[in-house]
Amino acid sequence: MTKCKPKRQKLKRVQKRAVEVDFNGGTLTSDSGIVLLREVDQRLNLIDQIDAAIPDPRDPRYIVHQQCTLLMSRIFGIAAGYEDGNDHQQLRDDAAFQLAANKTPGEEDATLASPSTLSRLENRIDSKTIFKLHKVLVDTFLDSYAQPPEEIILDVDATDDLIHGEQEKRFFNGYYDGYCFLPLYIFCGDQILVSYLRPSNVDAAKHTGGICRLLVNAIRQRWPDVKIILRGDSGFCRPKLLRWCERNDVGYIFGMAKNKALLKLLEQEMEQAKTAFEKTQVRQQLFAWLYYGAQKWKRKRRLVGKAEHNEKGANPRFVITNLFDSELSAEEESYPLSCPQEFYKDRYCLRGEMENRIKEQQNFLFADRTSCTDFMANQFRLMLSSFAYVLIDGLRRIGLDGTEGRRWRVDTIRL
C-alpha cells in the first residue's frame, strides 16, 4: 500500500521566524463554560444527590453509561443552551462534556450516551422519584445557608406551559386560550424549591396546600425557629389555605379578588383618588388598612386596600395578611398600621421578582419543552430544567457574589 506523506506548505518567513501551517487542531470545544458548571456541581454535590434519588433498574453487567453520567449530560446540556435530547448526538463527543463526566477526551470510552439512552432515562421516572427529587431541591436550598435565617418568604405562582401534541393529561385552558400544562412553582428569593407539573383543567391553587404543608415541615425540621411567610397573587387566596397558615403559625400575604363588599370598604379612598386625578392628570394611589369578613369566614381578617385611579380609570387592589395577628404582632414594629403603602410595596409587590425567575426557566432553560407523550416524563423534564437553574443560580450566588454579575440573567451568564 502506498504511503503518502503530505508536503508541509512553505510560506515566507516573518523576519527570522518560520511560518508553518498545521491542521491538527487537537481537542476543541465551544462549550468550555461546562467546566465551570462542573465546579459548581462539585460544590453543591447536586448530580450525585439526584443520582441517589433515582432508582436504576438496569443490569450492571450491561451498563455502558452510568446513570450519573446520563444526568450530567442532560442537565449540563440544558444549562449550556441545548434544549433537545437529540442535541446529544453531537454533544456526546464534545470534549467539555466528556471532561465534566470525568472522562478523558479522545479516549475510546470517552463517548457519552446517545439521545435514545437519555430518552429511556426520562421515561422510567415515577411519582415517588419526583418526590425524592424535590427533596434534593429543598436540601440544596437549606444547605446554602451557613446559619438559619430569622425569616423566609416562599413565593408561590403558577404559569402556562403551552403544548402542541397529544401529550397525556392534555387539556384546553380558556384563560390561556390554548392546550397547556399548569406548573406550580415555589421560590425563596432566587432559589427554587418546587416545580410541580399539573394538567391545566385544575384550579390555580390545586395541591398548593398539601405541597406547602410538606415544604414547611421539611424546613422546620432543620430550622425549627424560622419565621415562614407564604406570598402569592389572588389565585392562591383560598379559605382552606388561610386557615391552615393560621393554625400552623405560618404568615401569609396574598392578593385578593375584588368584590362589591370590598369596593364598598374602599369607596372613600377611591373617590379621593378619582378627584385628585381629574385635577392633576397624574396617576393617584391611596392606601388603607381594612377589616373584612366573608360570610363563610369565622372571623374578620386584615387587608390592605389600594385605591388607584389612572388614565384607564379605577384600578382598586386588595391584599390580605395575617402578619398583624396577635401571634405575629412583632411585624408591627417594622410596618406600623399607619403605613399600609410601605407594607403593600415592600412586602407584596416584591413577589413580582419571582415571575422573572419563572421566565428564566421557561425562556432560557426550556422548562416548556414538555413534548413527551407520558405525563411523568414531562414532569421529569421540568425537574431537569429546574436542576439546570440550580447550577447556574449556584454560579450566580457563589461564584459571582459581590460582583455586578450577581444579578445577571441566566442567558447573560451563559453568553
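**Exercise 1. Is Trp223 buried or exposed, and what is the relative accessibility of Trp223?**

Solution. The structure is a predicted model. The relative accessibility of Trp223 is 4%. The cut-off for a buried residue is under 20%, so Trp223 counts as buried.

**Exercise 2. Classify the ring pair of Phe141 and Trp223, and locate both residues.**

Solution. 
- Step 1, geometry. The ring centres of Phe141 and Trp223 are 5.7 Å apart, and the ring planes stand at 65 degrees. Plane angles over 60 degrees count as edge-to-face, so this is the class of the pair.
- Step 2, location. Phe141 belongs to helix H7 (residues 127–143), whereas Trp223 is in the loop between helix H8 (208–222) and strand E7 (227–232). The pair therefore ties together parts that are 82 residues apart in sequence.
- Step 3, burial. Phe141 has a relative accessibility of 1% and so counts as buried.
- Step 4, wider setting. Phe141 and Trp223 form one aromatic cluster with Tyr145.

**Exercise 3. Carry out the analysis for the rings of Phe181 and Phe375.**

Solution. 
- Step 1, geometry. A distance of 5.5 Å separates the ring centres of Phe181 and Phe375, with the planes at 80 degrees, so the pair is edge-to-face.
- Step 2, location. Strand E4 (residues 178–181) holds Phe181, and helix H14 holds Phe375; the pair therefore ties together parts that are 194 residues apart in sequence.
- Step 3, burial. Phe181 is buried, at a relative accessible area of 0%. Phe375 is buried as well, at 6%.
- Step 4, total. The count of aromatic pairs comes to 16.

**Exercise 4. Describe the packing of helix H3 (residues 67–79) against H14.**

Solution. Two packed helices are described by the angle between their axes and the distance between the axes.
- Step 1, geometry. The axes of H3 and H14 come within 8 Å and cross at roughly 70 degrees. Since angles of 65 to 115 degrees count as roughly perpendicular, H3 and H14 are therefore roughly perpendicular to each other.
- Step 2, handedness. H3 and H14 make a right-handed crossing.
- Step 3, contact residues. H3 contributes Leu71, Arg74, Ile75, Phe76, Ile78 and Ala79. H14 contributes Phe380, Arg381, Leu384, Ser385, Phe387, Ala388, Leu391 and Ile392.
- Step 4, composition. The contact of H3 with H14 has eleven nonpolar residues, one polar residue and two charged residues.

**Exercise 5. Describe the packing of helix H13 (residues 352–364) against helix H14 (residues 375–399).**

Solution. 
- Step 1, geometry. H13 and H14 pack at an angle of about 120 degrees, and their axes are 10 Å apart. H13 and H14 are therefore oblique to each other.
- Step 2, handedness. The crossing in which H13 passes H14 is right-handed.
- Step 3, contact residues. Arg357, Glu360 and Gln361 of H13 meet Ser385, Ser386, Tyr389 and Arg396 of H14.
- Step 4, composition. One nonpolar, three polar and three charged residues make up the contact of H13 with H14.

**Exercise 6. Where is Cys68 placed, and which residues does Cys68 touch?**

Solution. 
- Step 1, location. Cys68 is in helix H3.
- Step 2, accessibility. Cys68 has 27% relative accessibility and so counts as partly exposed.
- Step 3, contacts. Leaving aside residues up to four places away in sequence, Cys68 touches Ile47 and Asp51.
- Step 4, a distance. Cys68 and Val156 are 88 residues apart along the chain, and their C-alpha atoms are separated by 31 Å.

Conventions
Residues numbered from 1 in each chain as written. Predicted model: local features only at pLDDT ≥ 70, side-chain atom pairs only at ≥ 80, totals over all residues. Heavy atoms only, no water. Axes fitted to C-alpha atoms, helices over the stretch in contact; angles between N-to-C directions. Helix = DSSP H or I, 4+ residues; strand = E, 2+ residues; numbered from the N terminus. Parallel < 35°, antiparallel > 145°, perpendicular 65-115°, else oblique. Left-handed = near helix turned anticlockwise from the far one by under 90°. Contact = heavy atoms within 4.5 Å. Nonpolar A, V, L, I, M, F, W, Y, C, P; charged D, E, K, R; others polar. Buried < 20%, exposed > 50% of the residue type's maximum accessible area, 1.4 Å probe, protein only. Phe/Tyr/Trp six-rings, centres within 6.5 Å; stacked < 30°, edge-to-face > 60°.
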